[in-house]
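Q: I am new to this structure. Can you show me how to read it, feature by feature?

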Amino acid sequence: MPGERDKHAWRAEIGARRAAITSVDQENEARELAHSVAELDVPEWVCAYVPMRGEPGSTAMLTALRAAGARVLLPVTGPPGPLQWAEFTGIDDLRRARFGLLEPVGEVLADAIALAELILVPALAVDRRGVRLGRGAGYYDRTLPAARPTARLIAVVRDDELLDRLPEEPHDLRMGWALTPRGGLHRLGGDEHAE
């Protein structure tokens with residue numbers, strides 16, 4: 001459509017907004033998200049991530065998932081392609097890796113995403129249809145097709161990053177849910193993964 005913003009424009013706008021978030025707001029959001037994930041119907045296996053560069057949340061989300069009984073898998077950096085995963089066993093067992101990421105020091109598990117019944121996905125934004133806007137590297141686009149068809153895909157975003165409509169490309173896999181700090185869990189439309 002003429003006048004519609006492309007993904008690059010959305011990334012620039014949301015990146016600028018995230019850069020303006022105060023540390024106090026970031027801490028409050030992280031606390032609220034940790035509380036929200038603890039209230040999810042937490043299965044045995046969960047794929048998650050360590051928030052970085054202004055992403056909402058903190059390692060408290062991971063600790064809350066483990067306290068709720070989940071085994072938490074985190075991405076391990078590697079060459080471009082589908083993500084590899086290792087189990088999160090605690091904050092003390094994270095190490096600094098490529099791109100400034102924190103990742104588990106444990107064994108990389110082959111095809112681990114297929115174990116997960118719930119997958120928390122980092123996003124810059126998500127729309128009400130389930131279209132996710134990522135950073136543009138394509139790691140999750142190449143990874144999520146290997147998830148089980150019944151896995152709950154949950155984009156984690158700030159409340160103002162849940163939008164009405166984002167540009168969509170044929171390879172985009174829609175999310176079934178959005179998790180926001182103040183609004184909690186939102187069901188998104190048009191996703192066969194939603195329960």
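Q: Which residues of helix 2 are buried?
A: First, a caution: this is a predicted model. Buried means under 20% relative accessible area. In helix 2, that picks out Glu-29, Ala-30, Leu-33, Ala-34, Ser-36 and Val-37. Seen down the helix axis, these buried residues fall within an arc of 160°, so they line one face.

Q: What is found on the other side of helix 2?
A: Exposed residues: Val-24, Glu-27 and Arg-31.

Q: What do the buried residues of helix 2 pack against?
A: Helix 3, strand 7, strand 10, strand 12 and strand 13.

Q: In what order do the strands of the open sheet stand?
A: Read the sheet strand by strand. The order is 6-3-2-1-7-10-12-13, eight strands with mixed pairing. Strand 6 (108–109) and strand 13 (184–187) stand at the edges with a single partner strand each, so one side of each has no neighbour in the sheet.

Q: How many bridges join strand 1 to strand 2?
A: Three, and the two strands run parallel. Strand 1 is residues 45–47 and strand 2 is residues 71–76. Within this pair, Val-46 stands opposite Val-72. Helix 3 (residues 59–67) packs on the sheet, touching strand 1, strand 2, strand 3 and strand 7. The direction of helix 3 makes about 145° with that of strand 2.

Q: Is strand 10 paired in the parallel or the antiparallel sense with strand 7?
A: Parallel, over five bridges. Pro-122 has Val-156 of strand 10 as its bridge partner. Strand 10 also pairs with strand 12 (residues 177–180), again in the parallel sense, over three bridges. There, Ala-155 stands opposite Ala-178.

Q: Why is strand 10 largely enclosed by the rest of the structure?
A: Count its buried residues. Five of the five residues of strand 10 (residues 152–156) are buried, so the rest of the structure largely encloses it.

Q: Which residues have the most contacts inside the largest nonpolar core?
A: In soluble globular proteins, nonpolar side chains tend to be buried together. Here the largest nonpolar core has 46 residues, and Leu-65, Ile-119 and Leu-120 have the most contacts inside it. Elements giving two or more residues to this core include helix 2, helix 3, strand 7 and strand 10. A second, separate core has eight residues, among them Trp-10, Val-131, Leu-133 and Leu-163.

Q: What does Ile-119 touch beyond its neighbours up to four places away in sequence?
A: Its partners include Cys-47, Ile-113, Leu-144 and Ala-147. Ile-119 also touches Arg-152, Leu-153 and Ile-154.

Q: Where is Glu-55 found, and is Glu-55 buried or exposed?
A: Glu-55 is in the loop between strand 1 and helix 3. At 7% relative accessibility, this residue counts as buried. Leaving aside neighbours within four places in sequence, Glu-55 is in contact with residues including Arg-18, Arg-135 and Arg-158.

Q: How far apart are Gly-90 and Thr-59 in sequence and in space?
A: They are 31 residues apart in sequence and 9.0 Å apart in space, C-alpha to C-alpha. Gly-90 lies in the loop between strand 3 and strand 4. With a relative accessible area of 15%, Gly-90 is buried.

Key. Residues numbered from 1 in each chain as written. Predicted model: local features only at pLDDT ≥ 70, side-chain atom pairs only at ≥ 80, totals over all residues. Heavy atoms only, no water. Buried < 20%, exposed > 50% of the residue type's maximum accessible area, 1.4 Å probe, protein only. Helix = DSSP H or I, 4+ residues; strand = E, 2+ residues; numbered from the N terminus. Pairing = 2+ DSSP bridges. Contact = heavy atoms within 4.5 Å. Axes fitted to C-alpha atoms, helices over the stretch in contact; angles between N-to-C directions. Arc of directions from axis to C-beta. Core = buried A, V, L, I, M, F, W, Y, C linked by side-chain atoms within 4.5 Å.
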